Amino acid sequence: MKSLRLAISFLTVLPVAPNHSGPMAPARAFFPLVGLGLGGLLAGLDLAASRVLPQPVVGALLVAALLVLTRALHTEGFLDTCDGLLGGRDRESRLAILRDSHVGAFAAIGGACLLLLKWTLLVGIPEAERMGLLVLFACFSRFAMVAAMSVFPYARTQGLGSAFHDGASWRQLALALLTAAVAGGLLLGLAGLLLLGVATVVALGLGFWFLRLLGGMTGDTYGATNEVAEVTVLLAGLILIQLTPGLAGAPFW
């Protein structure tokens with residue numbers, strides 16, 4: 001299926017559809033499915049590496065693997081967003097900074113905090129819920145991007161992200177939501193659905209902030225949404241596990 005191949009090729013290092021020209025909106029429906037694949041690879045790496053390596057080293061490997069598997073696409077967007085939103089004083093200057101390929105102080109600080117948080121959270125996942133949360137956090141964060149794309153306008157007339165609005169429909173959001181919800185329910189039960197809700201709230205909250213500062217979303221802010229959603233889902237998952245350990249380990253099946 002062309003749309004699935006486009007999603008895989010855009011979101012990962014796998015060149016199954018190297019030509020990204022034309023409308024990319026149909027690929028949005030498969031973002032959570034690609035996230036499930038990425039999460040499954042991380043879970044497999046975690047299972048294998050944990051047999052011979054201490055958990056802090058395994059956590060570092062997971063962070064590095066996710067960067068490699070995604071070409072650091074979303075992380076780069078997060079870095080640019082840090083520079084643009086924190087360094088600019090008005091809409092035009094923020095958008096101009098977002099286009100600048102140089103890494104500023106805000107990007108360096110934000111990137112360090114992001115990677116440190118992600119590593120700490122990955123190391124801290126308890127064994128009982130580890131596989132489920134590893135698989136789902138990448139799925140839910142990619143649904144967050146789809147939610148933001150579906151609700152908020154694009155801030156520029158042209159740009160990489162504009163291709164995801166040409167040919168967009170609510171059916172793509174519905175399929176993405178169905179994929180994420182079924183995966184969450186099967187793997188973590190009610191806790192999975194709660195974490196999907198957390199990812200959605202993050203997407204909407206960031207989207208309104210970007211709308212106020214930029215007039216809409218950009219390709220960089222889509223990446224930032226994914227990164228913030230990943231960290232938030234992991235953090236919320238750990239909090240949920242601490243508060244109600246049995247809830248996070250009760251899949252519907």
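This is a predicted model: local features need pLDDT of at least 70, side-chain atom pairs count only at pLDDT 80 or more; totals for chains, interfaces and linings use all residues.
Lys 118 forms a salt bridge with Glu 227, with the closest N and O atoms 2.6 Å apart. That pair links distant parts of the chain, as Lys 118 sits in helix H6 (residues 105-123) and Glu 227 in helix H10 (residues 219-243), 109 residues apart. Glu 227 is buried too.

Lys 118 also meets Glu 230 in a salt bridge, at 2.7 Å from N to O. Glu 230 is again in helix H10, 112 residues away from Lys 118, and it is buried, with a relative accessible area of 0%.

The whole structure has 4 salt bridges. One of them joins Asp 46 and Arg 130, with 2.9 Å between the closest N and O atoms. Asp 46 belongs to helix H2 and Arg 130 to helix H7, so this pair ties together parts 84 residues apart in sequence. Both residues are buried.

Now follow helix H7 (residues 127-151) to helix H9 (residues 190-214): their axes come within 8 Å and cross at roughly 40°. The crossing is right-handed, and the residues making the contact include Phe 140 and Phe 143 of H7 and Leu 195 and Leu 196 of H9.

Out on the surface, Leu 45, Val 52, Leu 53, Val 57 and Leu 61 form a nonpolar patch with about 380 Å² of accessible area together. Val 52 is in the loop between helices H2 and H3, and is exposed at 67% relative accessible area.

Technical notes. Residues are numbered from 1 along each chain as its sequence is written. Side-chain values use heavy atoms; hydrogens and water are left out. Patches are made of residues with over 30% relative accessible area and no salt bridge: like charges are joined within 9 Å, nonpolar side chains (Val, Leu, Ile, Met, Phe, Trp, Tyr) within 5 Å. Accessible areas come from the Shrake-Rupley method with a 1.4 Å probe; for residues, only the protein chains shown count as cover. A salt bridge is a side-chain nitrogen of Lys or Arg within 4 Å of a carboxyl oxygen of Asp or Glu. Helices (H or I, at least four residues) and strands (E, at least two) are DSSP runs, numbered from the N terminus. Buried means under 20% relative accessible area, exposed over 50%, partly exposed in between (1.4 Å probe, protein chains only). Axes are lines fitted to C-alpha atoms, for helices over the stretch in contact, and angles run from 0 to 180 degrees between N-to-C directions. A crossing is left-handed if the near helix is turned anticlockwise from the far one by less than a right angle, and right-handed if clockwise. Contact means heavy atoms within 4.5 Å.
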